[in-house]
Each structure stands twice: as C-alpha cells, then as structure tokens.
Amino acid sequence: MPRTPTPARLAVLAAALALGAATAPRGGLAQTAAPSTTPAPSPPSTPSTKDTLVVVGAVNQGTLDPHFAITTQELLFTRNLYGALVRFKPNSIEFEPDLATAWTVSRDGLEYTFKLRRDVEWHKGYGKVTAADVKASFERLLDPATKSPFAGSMRMLKEVRLVDDSTVTLVLREPYAGFLYLLTPYRAGPIVNARAAKEKGAAFAWDPIGTGPYVFESRIPNREAVMRANEKYFRGAPAIKKVVFKTVTDPNAQVLGLENGEYDLVYTQIRERAVVDRLKRSGFKEALVHRNLPQVLMMNVTVEPFKHLKVRQAIAHAVDRKQLIDLAYSGVGEPWYSPIPKGYPYATENVPRYEHDLAKAKQLLAEAGYPSGLEVTMVNYDENKLGGEVLAEQLKPAGITVKLEVLDQPTWLGRMFRNQGIHFAIHCCVRQPDPDIWLSDAFTPTGGALTVTKYDLEADLVPARRELDPKKREAMYHEIQRKLMRDVPMVPLMMRPESMVHSPKLQGMPTLEPIWGLDVTRLTFN
C-alpha cells in the first residue's frame, strides 16, 4: 500500500518550505550549522604503517560477478578485482590503456583492434591473460544463458576475432561512436575468467577470478566483505594491503565508528549537514566525488495523467530545484535543466526551461482538464524518500496531491522492470559518460534501469550513435536534448556529487569518478 509521511513530519516539512528552507528543527530536514571554528593545523604528513582500509556503508554487496554488478557498493569491489581493455584516467573521462597497451579503430568505425599486455596474470593460479580470454569474456556476457542485464548494451558487437595470443579485434554490426566507453570497467566492460565462471557456476559471484590489483578473500553475508592486495599485479602491488567493507545500516553507528577509529571511510552520504560540519571541525575530511550523477523526476508518458503534456509541464513548473537541494540533499548539488548529465560530451543548457512558477503550473493543469487539481502516486526507493517528501510538498500548492510509496531499491527495480506501477519516481543513475548510453537506457524500448518513462527516442538516437563526426554528433544531441525538454517526459532536477567523510590520514580521494566505485590503488595512508 502507498504510504504517506506522518502528519508531524509533513508539518515540519511544510513549515520549512514556507520559510524558504532557511532552517528546520533538529532531526528535521535541514539544520543550521554551529559557527565554524578554525581547525588546529595538521601535523606534517609522514609515512604510515597502516595498510588496512575499513569502509562502512549501509548496503552490502549482492554479487561480485561484474556482468551482474550494479550498485556502487559492488563496484567498489569489482573495479579492483577485475581489469578491462581500457579505463579512465584519474579525475577524467579520457581513456588510458588497462589490459590493452594500445588500440586502433578502422576508418568505417566497425573494427577495434587491441594489443594486450603480456604480463597480466589471473588470480589464484589461473594463468596468464590471452586474447582468447578476452573473447571468452565477451561471449559469456552475450550468451543468453548468462542472462546478464548488460548484454543489451553490447548489442552492436558482432564478433570477437583472435589475431594472435596478444591481439584481439572486436567487430561491430554498425558504427557505434561511444564504443570505447563500454569497454571501461563497468557493466559490460570488465574481463572475467570465463573458464572459472563456468567451473564455479553460481558460486562465481562470491569466488571471483579477475586480474585486478586486489584478490577477493572472504565475506560474512550482510556483515562484511574483504579483499587483499594482489602482490602480482602488473602495475605493482597497491599500498593498501587489505580492504574491509562493513555493512552497518544505522547512520549514527557509522559516524560513531568513524569517530572512534573503527572505520576510515563512510561510503554513503551523511544526511545531516550539521553532523558533517561537526566532523570536519574535528579534523575529518569531506570528499565531494563528482560522478556526472543527475537526479531526475520521471513520468510514464503512456498512462494517466502523465500522458498529457500539459500535466508534465505543470509538474515541471511546480518544482523548486534549489529548495529541493537544500532540504533533501543537505545543500550538496546544483540545479540542472538538461536531459544529458553535466560533464558528458555534448551536454547543453540551451534547452527549454521550466522555472519554478506555481501560477503557470496551475494554469497548465487547468488547461489539461484538471481545474480542481489531481492526485498521483510517487513510488521511490529508500534513497529518495526525503526527496519525494519535499517534492510532494512543492507540488501541493499547484493542486497536485502526491501519495508516497517507498520501497527498498531491489524491490523498486524489480517492479520497474516488470512494469508494476512505477509511473512517477525520482531516479538517478551513473553510466559511462557517452550521451547515447544514458539516453538509450532511459528512452528506448530496450533500455535498462532507467526506463520509467516509456518515452521512445530510438529513431532519433540511431543516427546520432552511428555518426563518427564529433561536430555532426554534437548538433544531433543538442537537438535531441531540446526535443526531450519540449516533451518533458523527465524533469532534470540536479547534479549530485557524492559526499564521503573520511579519516584525515586517508589520502588520494578523487574529485571525479565517472563510474561507480573507487580505484583503491590511488589511495594511501599518511
């Protein structure tokens, strides 16, 4: 059954909205931070003997098979357990070699040939990596029997040809301008040991064999997972020798563990800004990790009342982005108005905008045939519970009553994929930063975890994804963004960096990570 916030909760929220989100009571949606004080000077950095990184998060890993791993908690492990043909340079969306040393692309964009490193070994005695392993990994991904949710993202891959033991050619059915993005260590890109996967069957999810800088060691279900340094890693053994991920659902216990030295990194956003400020005054550090991560409001354009353009436009005009960011996301983020996330190639802000305008929202609602208002149900997963409460209060003065239903994320995703009543929802997703990858997932019949809207953009996306001329491609995507905002099946809300608080001894946290997870090899203790 849909559930709504308690009357007391809504009273606090309504008061905060009426006051322009200036302050809110302790335990409410926003807090006024205590006056800042100048922290004591940090002592000079010295080499540390600490070599175990303890990370705490609210959600445990569901699998370590990268052909199924979806969440940032899973990617924290899979990115360090597996390699890919290419990866992103630090704090960048530019490519650099990983398992490959170099690559070439044919003039027609149909063949990508990779020269592989000869010094890469599989974990746990599975031998050296060869071109045959790369071929087997992609064939396993695409095999219908595997049932990988990422197989569809590689639908353009026709075959993998072996040139020799250290050279492989990926042959496409048609040009795909963003193909290299798919070969990074996320979703379809990680190279798995297909022989080990076949031998182990379902057990491979928790006995993975990769090539990365860490080797999986152990887990206690729903409590912790551990990986240790790969001393044979081809780039050299990492400085941090062990990574322990603790699953702790209580945010207060996470903070307490950080303060008493039990944890080094809180791998989830601490919602209370006053708590973050207090930790920073005590010497802890806050890392804002940008992932080109948008927060969006999606509407199913095939069902009532969202099938009416003017209803969607009214909802868009009722949203106050700045207030939403302040109340629901502790002020961390920036308003965003375009359907392609900021930081992606070809993103533009030159699109139709729906600024906060309640009078316009009411007018559009009346023109759509709802002069007395309407009632809708918003179904969010738990991460977006507070955002849903804020949006429900923002839409109310426009005449839109929102019932709220909150699910855990796996249940929400299951219902969304089965088309079971997820018609109006806040959503966010990190994808490899090529516009076709994000837009195809959200707005095509074969899309993935973003397909709430049922808005079909495939005819517009086909020529854009096949176009190899960057200038022509840019013009196509600019027009696609304008079309989306004219039809507004989705309201872009904000760009949301991830806030992570950590020990001051932990060094090397990134400013930009375009995919989920972290590259632990870039972290050290001082």
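A cavity here is a set of points on a 1 Å grid over the protein atoms alone where a 1.4 Å probe fits but cannot get out, and lining residues have an atom within 4 Å of a point. Grid points are joined across faces, edges and corners, and a volume is the space filled by probe spheres set on the points. Welcome to a predicted model, in which local features need pLDDT of at least 70, side-chain atom pairs count only at pLDDT 80 or more, and totals for chains, interfaces and linings use all residues. Residues are numbered from 1 along each chain as its sequence is written, and side-chain values use heavy atoms, leaving out hydrogens and water.

**Cavities**
- The structure has two cavities of 30 Å³ or more.
- The second largest cavity holds about 50 Å³ of space, and its lining includes N60, W206 and T247.
- The largest cavity holds about 200 Å³ of space.
- Of the 22 residues lining the largest cavity, R79, R87, D98, P185 and D519 are the closest to its centre.

**Helix α10**
- Helices are DSSP runs (H or I, at least four residues), numbered from the N terminus.
- In α10 (residues 358-367), A361, L364 and L365 are buried, meaning under 20% relative accessible area (1.4 Å probe, protein chains only).
- These three lie on the same side of α10 because they cover an arc of only 100° around the axis, taken from the directions from the helix axis to the C-beta atoms.
- Just after α10, G369 takes a positive phi of about 100°.

Technical notes: Buried < 20%, exposed > 50% of the residue type's maximum accessible area, 1.4 Å probe, protein only. Helix = DSSP H or I, 4+ residues; strand = E, 2+ residues; numbered from the N terminus. 1 Å grid on protein atoms, 1.4 Å probe; cavity = no way out; pocket = protein on both sides within 12 Å on 5 of 7 lines; lining within 4 Å.
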